[in-house]
Structures are given as C-alpha cells and as structure tokens.
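Here is a short report on one protein chain. Keep the sequence and the 3D view open as you read.

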Amino acid sequence: MFPVHVQAKDLRVTVGGSRCKQPYSASIYNISAMSYGSLSKTAVTALSAGAKLGGFAHNTGEGGVSPFHIEGGGDLIWQIGTGYFGCRDKDGNFSEKLFKEQVAHPHIKNGGDQAVSGSQARARRYTAGCQEYTGDRSYTQGGTLYTVASPPAHSAFSDQFTMLLYIDKLRVLSDGKPIGIKLCIGNKQEFERLCQEMKHNRIYPDFITIDGAEGGTGAAPLEFTDSLGMPLYDALAYVQHMLELYGLRDEIKLIAAGKIITGVDIIKAISLGADICYSARGMMFALGCIQALQCDSGRCPVGIATQDKNLYKGLDVADKRVRVANFHGNTIKSTIEVMEACGFASLQDITPDKIFRRVEQGQTKSFKDIYFPKKPSPSSISKNYVLN
Ligand SMILES: Cc1cc2nc3c(=O)[nH]c(=O)nc-3n(C[C@H](O)[C@H](O)[C@H](O)COP(=O)(O)O)c2cc1C
C-alpha cells in the first residue's frame, strides 16, 4: 500500500570473500559468457563497449580474452574452460605463467573456471602456447594452426578438493582477484560434497554461477541443451539452501543465468538466493538478434553469430554499444520501480515469501513454500562432517 524508495539508483554488490585482495563492485546485471568465436568480433566489441558505457561486467566465455574484448574497454570476467584458452601450454594443460601474464590486465576483474562444461563439440583452432588471435576463432604459433575440441573435463583438477586448491592457486596468481566457478547442477550430492570440502578446508570460491537447464548455447550438443541439468529456480534454491546449511553464505556470491531478461526476472532470481544475474541471449537481442536460428551455420544475417566479414561488418559497434548499455540501464531501472512498488527498499528485502506462483487451478503458493518447504538438513553423505 505504501511504496518505498530505493536509495541506490545503480544496484551493485561487492564480490570477493575473505581471501580476495581485489574485491569487485559488480552491477546486479551483467553479460553472460559468450566467446569470441561463437560471436563475431563486432558483436564482442559492442558488448564490451556497452559494458563500459553502462558500468557493468562482460564474461569472455570459454574462448578467453580476445583483442575485441580489450578494444571495447569493459570490465571483464575471464572464463577458463577445459581448453584453457589464453593460459594453455603446448600440451593443452593449464599454464601458471601464461595465466599470470594475462590476468594482470587491468580490465580483468574476475576469473572463473567452468567446472562442468559437458562435451563441447565445438572445434576451436588454436596454436599451442600462443595467445594471439588471428580472427575466425584461430590462434597461431609459428604459422601453424591446430584444431581443438574443448575436452569434457578439466585436466587441472579431478575432484572437489583439487578444484578448491586450483581456485586458490588462481587467486594467488592473480594477486587476489575474485575467482569463481560456473556450473549447471546435475548430481546434487556432488554439490553437497563441494560444500563440505569448502567448510572443512576453509577454501572458498568468491562466486558460484548457476546456469539453469534452460541455458542456451549454439555450441552444446542438442540433446544436452534439451535435456540435461536442473532448471534455474530449483537449482538456485538448492544451492542457497546448501550454502546456508554449511555456513558459507558470507564468503560466496551467487550468480544466476537462465532466461533473465526483465526486472521481475531479476527480482525472482534474487528472492531464491541470487546476488547477481547474467544475461546472454538478452544481450544478443540488444545487439539486434532476430532469432534467425542460424547460429550453428555461421550465416547469422545480423552479423552476431558469424565469422563472415560480409555479415559482421554490418553490425555497427558505435550504435549497438549504446543499445547494450540502454538495455542494461532500463532493466535496472525497471527492477528498481518494481522493488519500490512491492515495498523492497533494498536487495535484502527481496525474500521468497513475497513472490507467488499459481501451482494449479485456483491455488497459488509462495516461492518459500514451493522452493524452501523445510528447514535445511544434511543428506546422508554428510555424516562425518560437523555443522554450524
Ligand atoms: C552464443 C552463446 C555462447 C555461449 N558460450 C558460453 C561459453 O563460452 N561459456 C559458458 O559458460 N556459457 C556459454 N553460454 C551460456 C550462457 O553464458 C548462459 O549461461 C546461458 O545462455 C543462459 O543464459 P540466457 O538464458 O541469458 O541466454 C553461451 C550462450 C550463448 C547463447
């Protein structure tokens, strides 16, 4: 009945736990991972330049940092997938030296490894040991080009504990920049085990990004896109539940991705535990995506998902960067308007008991009743661990 006033006109959240030396003040809405290679050079430059204009962050995608990310000038989250693009030695393994060199770039604000990538069928051409892009997804070394498919699993770690050690290593090598992981929940017990290892060893990622099953990429095999993983709302609630149960919530920021394109979408994700949201396809719409469904053919008619110069030269960076910044700015504005109307004076006021969904004819339930029906309790795999 009595709308409130949201003080902060630019909703931001600080990312970085107790072991992070360079915390990052992030917008609550950012550009999700999409590599140069899946997107054209003009698309990547326009996204990065839009991020700069609007004061938000741009995830590089697993293809790593390209000259077009740097040219755009936006804050970058460097994603390190199983191919270690940008920090890969000649055998395809993670190189501490190359990582350290690149991560020092001032535009790189966060790093993150993609914990679960699925089998990426996408072939990426690269040249061992060299970070230089030649365009069209290719890397060169001594003029030789190699074709690489991102492997299904990381070679730098093999289980929850070694993944945590790797995260800590990246944090040290980056002189304390925030380091996180991204995953789509598959097996719940694997995630609970991760929480136990975090608590036991007191090593935490600074952020965890949860991609819902509804996530989309032209690179994933169709059956993966259609059928694998937990939907975003269930996954967010589950992860929130586990982080609270193991007393980890103060150390870790939760980022959500999966069809979040309006202010209300952001509010719903926050109510389930997200601190920050990402958009991939929403940002593609801002660039002018018309859903021609040609991403996999390389013949995107609007110059976004293509490496054909004749197509991507039509994407006007100067115009599109403004559209990207406007999409972000207006979505934040809309988030604030809805918050004010609903009586949420701050992000902390957005709780799951305030959001309702119709569950069947004539019956509605709150997100709290749907997604948090009981108090968190450890599953049977937790017996050996002491809880708070
Ligand atoms: C063209 C394209 C490329 C993508 N590439 C990556 C990638 O390199 N790494 C990654 O973690 N996710 C990638 N994704 C997934 C997105 O980052 C995001 O998690 C997913 O699409 C859900 O968000 P959305 O519904 O806003 O698109 C890609 C998505 C698209 C559409």
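## Confidence

pLDDT is the predictor's confidence in each residue, from 0 to 100. A contact means heavy atoms within 4.5 Å. In this predicted model, pLDDT stays under 50 over residues 115-138. The model still has 100 contacts beyond four places in sequence for that stretch. Residues 383-388 also have a pLDDT below 50, with twelve contacts beyond near neighbours in sequence. The protein chain averages a pLDDT of 88, and 86% of the residues score at least 70.

The model is predicted, so local features need pLDDT of at least 70 and side-chain atom pairs count only at pLDDT 80 or more, while totals for chains, interfaces and linings use all residues. Residues are numbered from 1 along each chain as its sequence is written, and side-chain values use heavy atoms, with hydrogens and water left out.

## Overall build

The protein chain has twelve helices and 16 strands. Helices (H or I, at least four residues) and strands (E, at least two) are DSSP runs, numbered from the N terminus. Of the contacts between residues at least 6 apart in sequence, 68% join residues at least 24 apart.

Buried residues make up 53% of the 388 residues. Buried means under 20% relative accessible area, exposed over 50%, and partly exposed in between (1.4 Å probe, protein chains only). The chain exposes about 17300 Å², and carbon and sulfur atoms supply 51% of that area. Accessible areas come from the Shrake-Rupley method with a 1.4 Å probe; for residues, only the protein chains shown count as cover.

## Helix α1

Helix α1 covers residues 41-54. From first C-alpha to last, its 14 residues reach 20 Å, close to the 20 Å expected at 1.5 Å a residue. The expected span is 1.5 Å times one less than the number of residues. Just after α1, Gly-55 takes a positive phi of about 70°.

Ten of the 14 residues are buried, so α1 is largely enclosed by the rest of the structure. Among them are Val-44, Leu-47 and Gly-50. The buried residues of α1 pack against β3, β4, α2, α9, α10 and α11.

## Helix α7

Helix α7 spans residues 232-245. Its 14 residues reach 20 Å between the first and last C-alpha, close to the 20 Å expected. Twelve of the 14 are buried, leaving α7 mostly covered. The buried set includes Tyr-233, Tyr-238, His-241 and Met-242.

The cover over these buried residues includes helices α5, α8 and α12. Strands β12, β13 and β15 are also included. Gly-247 follows α7 and has a positive phi, near 65°.

## Ser-366

Ser-366 lies in strand β16, residues 363-366. Is Ser-366 buried or exposed? Ser-366 counts as buried because its relative accessibility is 5%. Leaving aside neighbours within four places in sequence, Ser-366 is in contact with Pro-352, Asp-353, Ile-355 and Phe-356.

## Cavities

The structure holds three cavities of 30 Å³ or more. On a 1 Å grid over the protein atoms alone, a cavity is a set of points where a 1.4 Å probe fits but cannot get out; lining residues have an atom within 4 Å of a point. Grid points are joined across faces, edges and corners, and a volume is the space filled by probe spheres set on the points.

The largest cavity holds about 80 Å³ of space. Its lining includes Val-15, Asn-30, Asn-110, Phe-207 and Ile-255. The elements that give two or more residues to this lining are β2 (24-27) and β14 (276-279).

How values were computed
On a 1 Å grid over the protein atoms alone, a cavity is a set of points where a 1.4 Å probe fits but cannot get out, and a pocket is an open set with protein on both sides within 12 Å along at least five of seven lines; lining residues have an atom within 4 Å of a point.
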